[in-house]
Amino acid sequence: MILDFEELPEKVKKQNLLLLDDILTWISKVLKTGLEQGEFSFSDPVEARAELVVEVLMGARQLSSIKGRRTLVRSISLIKSDLGWKD
């Protein structure tokens, strides 16, 4: 669906953008809280990092439908490592 985003009706595009904004806001809050509590360690702006997480997950999800679940699992591990995630 995202590949044909420009071909979607305006109402559907608007709803997709609202959903994406909600997701980015939520991930930004999670990242900010994680930084404040010492669970994460990164220096980028939280909003930029949230966008990167979403971009990687969306791309990995698409690629995993071709190459298998291992692709998505590896991407999640790399995101965690990149965030400095402390288990």
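This is a predicted model: local features need pLDDT of at least 70, side-chain atom pairs count only at pLDDT 80 or more; totals for chains, interfaces and linings use all residues.
The ground rules come from how the model was treated: local features need pLDDT of at least 70, side-chain atom pairs count only at pLDDT 80 or more, and totals for chains, interfaces and linings use all residues. Residues are numbered from 1 along each chain as its sequence is written, and side-chain values use heavy atoms, with hydrogens and water left out.

Start with the fold. The chain has three helices and zero strands. Its pattern along the sequence is α-α-α. Helices here are DSSP runs (H or I, at least four residues), strands are runs of E with at least two, and numbering starts at the N terminus. The C-alpha trace spans about 45 × 30 × 15 Å along its principal axes. Of the 87 residues, 28% count as buried. Buried means under 20% relative accessible area, exposed means over 50%, and partly exposed lies in between (1.4 Å probe, protein chains only). Take the contacts in the chain with a separation of 6 or more: 41% of them join residues 24 or more positions apart. A contact means heavy atoms within 4.5 Å.

Now the interior. In soluble globular proteins, nonpolar side chains tend to be buried together. The largest nonpolar core here has eleven residues: L24, I27, L31, F40, F42, V46, A50, V53, V54, I79 and L83. Such a core is a set of buried Ala, Val, Leu, Ile, Met, Phe, Trp, Tyr and Cys residues joined through side-chain atoms within 4.5 Å. Each of α1, α2 and α3 supplies at least two residues of this core. The most come from α2, which gives four.

L31 belongs to helix α1. L31 counts as buried because its relative accessibility is 3%. Beyond its neighbours within four places in sequence, L31 contacts F40, F42, V46, R49, A50 and L83. Ten residues separate L31 from S41 along the chain, and their C-alpha atoms are 9.5 Å apart. V54, with residues up to four places away set aside, touches L20, I23, L24 and I27.

The loop between α1 and α2 also holds S43. S43 counts as exposed because its relative accessibility is 72%. S43 and L83 are 40 residues apart along the chain, yet their C-alpha atoms are separated by 9.3 Å.

Next, the rings. The structure holds one aromatic pair. F40 and W85 form this pair, edge-to-face, at 5.6 Å centre to centre with 65° between the planes. The cut-offs: rings of Phe, Tyr and Trp (its six-membered ring) pair if their centres lie within 6.5 Å, and planes under 30 degrees apart count as stacked, over 60 as edge-to-face and the rest as tilted. The pair links distant parts of the chain, 45 residues apart: F40 sits in the loop between α1 (10-36) and α2 (46-67), W85 in the segment after α3 (69-83). F40 is buried, at 10% relative accessible area. W85 is partly exposed, at 41%. The charged end of K80 sits over the ring of W85, 4.8 Å from its centre. That label needs NZ of Lys or CZ of Arg within 6 Å of the ring centre and within 35 degrees of the ring normal.

Which residues line the second largest pocket? They are W26, I27, V30, L31, F40, V53, L57, I76, I79, K80, L83 and W85.

Technical notes
On a 1 Å grid over the protein atoms alone, a cavity is a set of points where a 1.4 Å probe fits but cannot get out, and a pocket is an open set with protein on both sides within 12 Å along at least five of seven lines; lining residues have an atom within 4 Å of a point.
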